[in-house]
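Here is a friendly walk through one fold. Please keep the sequence and the model at hand as you read.

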Amino acid sequence: MIETDIAIVGAGPVGLFTVFEAGLLKLRCHLIDALPIPGGQCAEIYPKKPIYDIPGYPSILAGELVDNLMAQIEPFKPTFTLGERVEELERQDDGSFIITTSDGTKIKAPVVAIAAGLGCFEPRKPPLENLAQFEKKGVDYIIKDPEKFRDKKVVIAGGGDSALDWSIFLADVSSEVTLVHRRSSFRGALDSVEKVMDLAKAGKINLITEAEITGLNGNGKLDSVEITHKKEGKKKTVAVDNFIPLFGLSPKLGPIAEWGLNINKNAIEVDTLDYSTNVDGIYAIGDINTYEGKLKLILCGFHEGTLMVQSAFKRIYPDKKLSFKYTTVNGVQGFE
Amino acid sequence: MKESINITIIDREDAPHAIEVPLGIDLNLMEVGKGSDLPIEGTCGGMALCASCHCYVESDHDIFDRSDDEEDMLDQAFFVEDNSRLGCQIKMTEEMDGLVVKLAEVGD
């Protein structure tokens, strides 16, 4: 069991900066994120896009902001559980919480700060009627271990980098790779596109463009997919062992919605005094929260996290006095 | 120079909504729809990064010159047709007067 002062759900910019403000108050933090890397949307969705409204930076790339935040919080030795989604939250008799993740990791803390942005990123699922019944029975949205597909007949759908890269990789592993894409051209990295075209010419990838998967068949386990050519409307059925739709990620609120918090349009209602929720000991900061006048800006999230840790300190140490110190006067006293 | 234009957004239940859109304040179609309380999430805030404002252009406005970012995103969306656009990438200019769009289904 991991024990910490503040369990922060979400390792985006706001969750990260909260580690700094908590550290100034000598509070330790553990961050949990469904993505395998810290940075949230900034790292996953737009690392190369400039942000222009971070005070003191006329322009900074989202990925650079994450790198800087990681450097800034390093003295406070945050710990991370990455690539795991928070599932359950249990309140203990002593008022603290135990969070359990999708992989069974347990984190105990007297304070939980939800900094989950738009929610956790989950694979986009194509709208196929019986998709759910074949999940883990031939349908995979994420490739964790490519060996699973050795000597299998695999159909990949999608036109982005991950669809291209995995088609190239599995061409050497699987017995048959079919790549299905809705358009005739690909917009992935140029050398990946060329490689796929070469492999298609060499007969190592069966490339089907201007087409989409329109049906899944099988009895308890996927055994074929229906591919429809968009222009001619021609359908054909291809025997497969595995179907891997790769359409990127989209955010979902997920199990947080079941934690008894007041939710309004996918956001958690908070008191702007300290960004506390209706559940004592749980706070919500950054894009995930809502209040009158809320703006979903990174800089507002920084402010929210800063005020929140003051309240968290009082909850954790009700008898201790807290004196406010400027970093310019005191410097940053990191943890051992 | 006009001060406003009129457009129509057809929702997913096929109900048309006539909307007067002021010009000169840099609105895009996603913002207009959201501002009119239509069911458009606009999750990413207009960066062509989520496809929650995916719509079909139903009038004969020739506005299919999509950016690479938009094409990339449409590759990850579902129910994509030749007249698909992301609402956040359609700027509300005088030329958009009379525009009719229909909201696309959003996948799971």
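Two strands count as paired if DSSP finds at least two bridges between them. Helices (H or I, at least four residues) and strands (E, at least two) are DSSP runs, numbered from the N terminus. This is a predicted model, in which local features need pLDDT of at least 70 and side-chain atom pairs count only at pLDDT 80 or more, while totals for chains, interfaces and linings use all residues. Residues are numbered from 1 along each chain as its sequence is written, and chains are lettered from A and ligands numbered from 1 in the order in which they are written.

Let us start with the domains, whose bounds come from an automatic or database domain assignment. Taken over C-alpha atoms, their centres in chain A lie 37 Å apart.

| Domain of chain A | Residues |
|---|---|
| domain 1 | 2-122 + 250-330 |
| domain 2 | 125-247 |

Now to the sheet. In chain A, 4 strands make an open, parallel sheet, ordered S14-S13-S12-S18. Its edges are S14 (206-209) and S18 (242-245) of chain A, each of which pairs on one side only. From one strand to the next, the twist averages 15°, with axes being lines fitted to C-alpha atoms (for helices over the stretch in contact) and angles running from 0 to 180 degrees between N-to-C directions. Strand S12 (residues 153-157) of chain A joins S18(A) through 4 parallel bridges, and A:Ile156 has A:Ile244 in S18(A) as its bridge partner. Helix H4 (residues 161-171) of chain A packs on this sheet, touching S12, S13 (176-181) and S18 of chain A; contact requires C-beta atoms, placed from the backbone, within 7 Å. The direction of H4(A) makes about 165° with that of S13(A).

Note on methods:
Contact = placed C-beta atoms within 7 Å.
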